[in-house]
Amino acid sequence: MLEKLPIDIEQSTLYQDIERYGKVELFSKGRLIFTPEEMCKKFFFIIDGRIKISQVNSQNGKEQTLKILTHGDMYDVVTLLDNKIHENLLYSLDKVTLIVFPIEVVKGWICKDSDFSKLLFSYIAKQFRDIEELALDLSFYNISTRLLKLISKNINQANQSKPNLIHDLSHEEIASLIGTVRKVLNRHIQTLKNDGIIDVNHKNIKLKDTQKLLDQLSLS
């Protein structure tokens, strides 16, 4: 299991720490994965499955889906760097396998292992780029284009008819990811379906025509 970490264990100077402190934890679908308070003491890598990161408005109870994490992702970089509680909720979308470490151990890796530091900072840079891209998408593109981009970014290369990160998500969750609401999203999904770009079966969005999707994006 440890060989699935995004770290070359055999070459890493962290080998003993990984063997000593790494704990494999399993979560069934639909489970809350640690509380924000627990995440002040833990840091994990996702081995298998998907995790939904969200926040809930304390005044009206509305939930906002922020991001979907999957194999190779790590959490929580924010708490790791600033030592403050991060009020996110984490739910398993599938059966999830994690390797969990005490956060203090991971903080030590930043100082003593340059390979881990490079991995961490590269990951942080990718998160910044994702946030920047989302901000630009919300500013520059309409909802239809944002939906097309979300689908195109999540094509399963092994099975292009099935977007990997967003398959079986509710329309509310997909709407949150592109900054809209379910009612508006449903109209755009129906348009893409009528255009022969996607097919929809219950909550599953399947890509029907990759070239049409790319052509539509090029016109946006």
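**Note on the predicted model**

1. The open sheet. Three strands form an open sheet in the order β4-β3-β6, and their pairing is antiparallel. At its edges are β4 (63–69) and β6 (89–92), each of which pairs on one side only. From one strand to the next the twist averages 30°. Strands here are DSSP runs of E with at least two residues, helices are DSSP runs of H or I with at least four residues, and both are numbered from the N terminus. Two strands count as paired if DSSP finds at least two bridges between them.

2. Basis of the values. This is a predicted model, in which local features need pLDDT of at least 70 and side-chain atom pairs count only at pLDDT 80 or more, while totals for chains, interfaces and linings use all residues. Residues are numbered from 1 along each chain as its sequence is written, and side-chain values use heavy atoms, with hydrogens and water left out.

3. Strand β3 and lysine 52. Strand β3 (residues 51–56) pairs with β6 in the antiparallel sense over four bridges. Lysine 52 stands opposite tyrosine 91 in β6. With a relative accessible area of 7%, lysine 52 is buried. The word buried means under 20% relative accessible area, exposed means over 50%, and partly exposed lies in between (1.4 Å probe, protein chains only).

4. A salt bridge across the chain. Lysine 52 forms a salt bridge with glutamate 173, and their closest N and O atoms are 2.8 Å apart. This pair links distant parts of the chain, 121 residues apart: glutamate 173 is in helix α6 (residues 171–177) and lysine 52 in strand β3. Glutamate 173 is also buried, at a relative accessible area of 14%. A salt bridge is counted when a side-chain nitrogen of Lys or Arg is within 4 Å of a carboxyl oxygen of Asp or Glu. By this rule there are 12 salt bridges. In general, side chains of opposite charge can pair when their charged atoms come close.

5. Aspartate 130 and its two partners. Another salt bridge joins aspartate 130 to lysine 126 (3.1 Å, N to O). Lysine 126 and aspartate 130 are four residues apart in helix α4, and therefore about one helical turn separates them. An α-helix has 3.6 residues a turn, so residues three or four places apart point the same way. Aspartate 130 is partly exposed at 21% relative accessibility, lysine 67 is partly exposed at 25%, and lysine 126 is partly exposed with a relative accessible area of 47%.

6. Helix α5. Eight of the 11 residues of α5 are buried, so the helix is largely enclosed by the rest of the structure. Among the buried residues are Ile143, Arg146, Leu148 and Lys149. Lys149 also belongs to a network of salt bridges that links it with Glu133, Asp137 and Lys153. At the start of α5, a side-chain oxygen of asparagine 142 reaches to within 3.3 Å of the backbone nitrogen of serine 144.

7. Tyrosine 141 and the surface. Tyrosine 141 is in the loop between α4 (114–140) and α5 (143–153). At a relative accessible area of 33%, tyrosine 141 is partly exposed. Together, Leu136, Phe140 and Tyr141 make a nonpolar surface patch of about 310 Å².

8. Backbone points to check by eye. Where is the cis peptide bond with omega near 10°? This bond runs from tyrosine 75 to aspartate 76, and aspartate 76 is in the loop between β5 (74–75) and α2 (77–82). Phenylalanine 34 is not a glycine, yet its phi is positive, near 60°. Phenylalanine 34 is in the loop between β1 (23–27) and β2 (42–48) and is buried, with a relative accessible area of 7%. Asparagine 83 likewise has a positive phi of about 60° without being a glycine. Asparagine 83 lies in the loop between α2 and β6 and is exposed, with a relative accessible area of 52%.

Key:
Axes are lines fitted to C-alpha atoms, for helices over the stretch in contact, and angles run from 0 to 180 degrees between N-to-C directions. Patches are made of residues with over 30% relative accessible area and no salt bridge: like charges are joined within 9 Å, nonpolar side chains (Val, Leu, Ile, Met, Phe, Trp, Tyr) within 5 Å. Accessible areas come from the Shrake-Rupley method with a 1.4 Å probe; for residues, only the protein chains shown count as cover. A polar contact is a pair of N or O atoms within 3.5 Å; within protein, one must be able to donate a hydrogen and the other to accept it, and residues adjacent in sequence count only if both atoms are side-chain atoms.
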